[in-house]
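Please read it beside the sequence and the coordinates.

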Amino acid sequence: MEESSKERFERAKTDLGATKVTGAPLPPYLYAKWCRGAMDLSGFLPLIPDPEDAIDRVTGLDLTAEKFRDSYESKSIPVMIEGKGLVDSWKAMKTWTVDELIDKYCSTHFKVGNEYGRPRRVDMSFSSYVEYMRIQNDEAPLYVFDGGFGEKAPEMLTDYSVSHIFEEDILSLLPERPSFRWLVIGPARSGASWHVDPLGTSAWNTLLSGRKRWALYPPDALPPGVTVTQTASGGRDFKSPAMLYWYLEVYPNLPPDQKPIEIVQEPGETIFVPAGWWHAVLNIGEVNVAVTQNWAGRWNLSGVVRDLFAVGKVEAIEKLKTALEASHSSLLRIFMDAYALHGPSKDPLILAEGCSSRAEFLDSFTDSDVWVPRVRDVVRRVYGDDEARGVVEATISPLGGGVNAVFLSTPSSWSQMEDGSLHRDDSDVLTNCPRVIKFFSHLQGAGLASWASEISALARTASVADHRHVTPKLISSGHLRSNDGEHMWSWPYIVMTQVASTTGDEDEPIPVGAALPSLTQTDLTHLAEWLARELYRIHHLPPLSDAPPHARTQAHFATHAKNRIACARECVQTIEGVPARLVDELSTYLEGCTWTTKEDGQERATFLHGDVTSGNVLGVEKDGDGIDGGQWTPIGMIDFGDSYHYVGSDPTNAGLLDPWYDIACMHVSIFKCSIPLLRRFVKAYFGNMVTYSPEWWAVRRRRMMGYVLSWEFEGVRFGWTEKGRTAWESGGNWHDVEEMVFGNWE
């Protein structure tokens, strides 16, 4: 009869010379360890999640490379792929059983360790490991995790193949690439504790036999019980309990909204783990055999460059750059943007802030030791002595402002209602209210221009009664310090109110981008109509008679549009899958995309927002009590630093601005290329002022296509490609792409 788990445990204690006292209970710590080591995990399964929270499970037969890229890789969404059509032809599916592997590789030494290799991995012959695996009763057993198995047993590499959906592997261009593939074998209770895969890579993991319980958190959610420390080489070290311990001691105490995303992997299934995602694995099958690889595609190339710089692998970065220049020029711009962001900076203004790279400089905007004193300094300048004016700061929190440092400062004197909500007192709105303090950096050479343009924008919108609750109110502006040789950059700033609803008792406003997944059709319809009304009002503000110093005017817009169109080819080459024939046809197509100002006067503007994206339109949740029962209501627009202003006395002047510039950005970023929403917007914006026709629309949509093709930032530049791909993959030209993105007018 087979020896029981308890018998093995008692024998092990005797073999180790432990004192055995008949009938004496084990100490609680040892008893708990024994219980964990003796657990049967065959039924240790997660609860069935709600469909909206579950990881997609798709079949390999239906998953094309394009669908994988569009639905999962580009959006950083995990997916479990069933084996048919993906791995069912692998020889390894039949031959990588423990019995067959021990026949072939009994004397081959593989690396073994436990829980992500701590404290270190050691070599063990496969026959010795299998013997250990069959008799052990450890709570966190050793398991094979060998990144050199392909060199030790080259024939194993012929037993499987990398699926076509994972073929784009930029790191394969390196002559000496870091470890990237691993053989994984272990018994029940073994696995990998919480970690993020190295060097910004994504991973696929195919299970050949056994069963695995996967747990995942998105990149911005640190798993409970995990600590992260910086290593001497610049990398990160993760300290986490063994997974069985974590599941038994941490997991049960987590509220539902803090539990991980979970899924059980069956034999033949492949899981895709996007770059940056936290993940952990607990083997629950008796014997579990898997193969896994890390790789880098265009969607995580920036993260790879970031992490290579972080660990000091400069030589590898330069070799990767050379390889991309030689054979992957379409990826070179993505690489160079990441290089400029994460590489060592020579910018004296960045160095003066004590930072070594542009990324570190941007990250420093969340450093309270640096910025809280600066915010308080500005507040004191605006309001004088805090105690005398009753403006004592309760909280100062970063809001995230891209290349600018933006903070919310909430006074302790902000009154609180009985239900806990904050109350806005309009009688003293400029003194007794949450304030946004925005410092403009020098990056992109636009600091002073953005500062002056936003000041002008807020002053212009404040002059129109309809805009007073739609845009922030300007309280003050100035320079943090003099622009002398010591400090070099003056840090121009503005102080403004936070956009809030007219009633003042709603929840914190949130960007439409964060709300989009939960918006109802009613919400979206009213959003389109609200944007039409508010953008029309903004576009037709009274013109300026004089140009404010540094502010952007119609002349700057004409230059900007021309320069961006000239960069369109370079932008398009960074988009995966665009056929070479379309790249070659781009210059000819763009000749008809230029703003000529010959359209009817209603299609000209005296003001452009310049960045009508999903992060710059705010709203509040209404819990079913919004417009016509909607769940969310738009309340305002922010971030006018990219705005353009018409200066002149003649509103019919041919030098006016193009409103379709804002509309094109909005359509891609907020409407996600929804043609019905765009049509609803256009009809609400123009009403009966224009004559709608297919010919009229063809001219406008072509110009909008030119704007989005050459947009400076990725959110808009890449936002149209999912629809555009449908056209070019069927052999269409740019006119077909344009029609697919913006639709026809019938």
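S6 and S15 pair in the antiparallel sense over seven bridges, where two strands count as paired if DSSP finds at least two bridges between them, and where helices (H or I, at least four residues) and strands (E, at least two) are DSSP runs numbered from the N terminus. Within this pairing, leucine 183 stands opposite valine 291 in S15. The model is a predicted one, in which local features need pLDDT of at least 70 and side-chain atom pairs count only at pLDDT 80 or more, while totals for chains, interfaces and linings use all residues. Residues are numbered from 1 along each chain as its sequence is written, and side-chain values use heavy atoms, with hydrogens and water left out.

**The sheet**

S15 also pairs with S8, again through seven bridges and in the antiparallel sense, and there alanine 290 of S15 is the bridge partner of leucine 207. Eight of the nine residues of S15 are buried (under 20% relative accessible area, with exposed meaning over 50% and partly exposed in between, for a 1.4 Å probe and protein chains only), so S15 is largely enclosed by the rest of the structure. Strand S8 (residues 202–209) runs antiparallel to strand S13 (residues 270–273) as well, joined to it by four bridges, and asparagine 205 has isoleucine 271 in S13 as its bridge partner.

These strands belong to an open sheet of nine strands with mixed pairing, in the order S1-S2-S13-S8-S15-S6-S5-S3-S4. Strand S1 (56–59) and strand S4 (122–125) are at the edges with a single partner strand each, so one side of each has no neighbour in the sheet. Helix H6 (residues 126–135) packs on the sheet, touching S3, S4, S5, S6 and S15, with contact meaning heavy atoms within 4.5 Å. The direction of H6 makes about 90 degrees with that of S4; axes are lines fitted to C-alpha atoms, for helices over the stretch in contact, and angles run from 0 to 180 degrees between N-to-C directions.

A nonpolar core is a set of buried Ala, Val, Leu, Ile, Met, Phe, Trp, Tyr and Cys residues joined through side-chain atoms within 4.5 Å. The largest has 85 residues, of which Phe681, Trp720 and Trp734 touch the most other members, and helix H18 (residues 521–539) supplies its largest share, eight residues. Tryptophan 734 touches, among others, Val572, Leu586, Tyr589 and Trp720, not counting residues up to four places away in sequence. Another core, of 43 residues, lies apart from the largest one and includes Phe68, Leu86, Met156 and Phe272.

Of the 16 residues of helix H16 (residues 447–462), 13 are buried, so H16 is largely enclosed by the rest of the structure.

Two residues are compared below.

**The whole protein**

The protein has 27 helices and 25 strands, and buried residues make up 51% of its 746 residues. Among contacts with a separation of 6 or more, 76% are between residues 24 or more positions apart.
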